[in-house]
Amino acid sequence: MNTATQVLHQLMSVIEDRRQNPPEKSYTTKLFNGGNELIGKKIMEEAEEVVEAADEPGQAGREHLVYEAADLLYHLMVLLGHHEIHIREIEAELGRRFGVSGLDEKASRNS
C-alpha cells in the first residue's frame, strides 16, 4: 500500500471511530449529527471551492486547489462513513472500471 493510500485508510479509520465513539468536541461528530443534509451541503460548498481554486493561476493557485481538494475528499469520506461505506469499496469500484472506457462504462449503466 502506498503512502497516499495509507493516509486515506487512516483517515477512514478515524472517521469510522468518530461514528462509533463520537467525541463531543469533534467536527466530524457535528457532521454526522447533521446527517446527509449537513454533509451534503458541505460537499457542495467544497466542490464549488475546488472549481473556483482551479481557475487560480500559478503555484499559489495550485496549492489552493490541492487544499480545497483535500477538504472535498474529507467531506466525501465523512458521507461514506455516515453510510458505513469504507474507502476500500470505492477503490474496488474504481478497480472494476479500470481499463474500461468511461464512455462504455456510462453506456452500460443506461442499458
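Is Tyr27 buried, partly exposed or exposed, and what is its relative accessible area? Tyr27 comes out partly exposed at 38%, where buried means under 20% relative accessible area, exposed over 50% and partly exposed in between (1.4 Å probe, protein chains only). The model is predicted, so local features need pLDDT of at least 70 and side-chain atom pairs pLDDT 80 or more, while totals for chains, interfaces and linings use all residues. Residues are numbered from 1 along each chain as its sequence is written, and side-chain values use heavy atoms, leaving out hydrogens and water.

A search of the whole structure turns up one aromatic pair. Tyr27 and Tyr74 are stacked, at 6.2 Å centre to centre with 25° between the planes; rings of Phe, Tyr and Trp (its six-membered ring) pair if their centres lie within 6.5 Å, and planes under 30 degrees apart count as stacked, over 60 as edge-to-face and the rest as tilted. The partners sit 47 residues apart, Tyr27 in helix α2 (residues 27-54) and Tyr74 in helix α3 (residues 58-82). Helices here are DSSP runs (H or I, at least four residues), numbered from the N terminus.

Definitions and conventions:
Helices (H or I, at least four residues) and strands (E, at least two) are DSSP runs, numbered from the N terminus.
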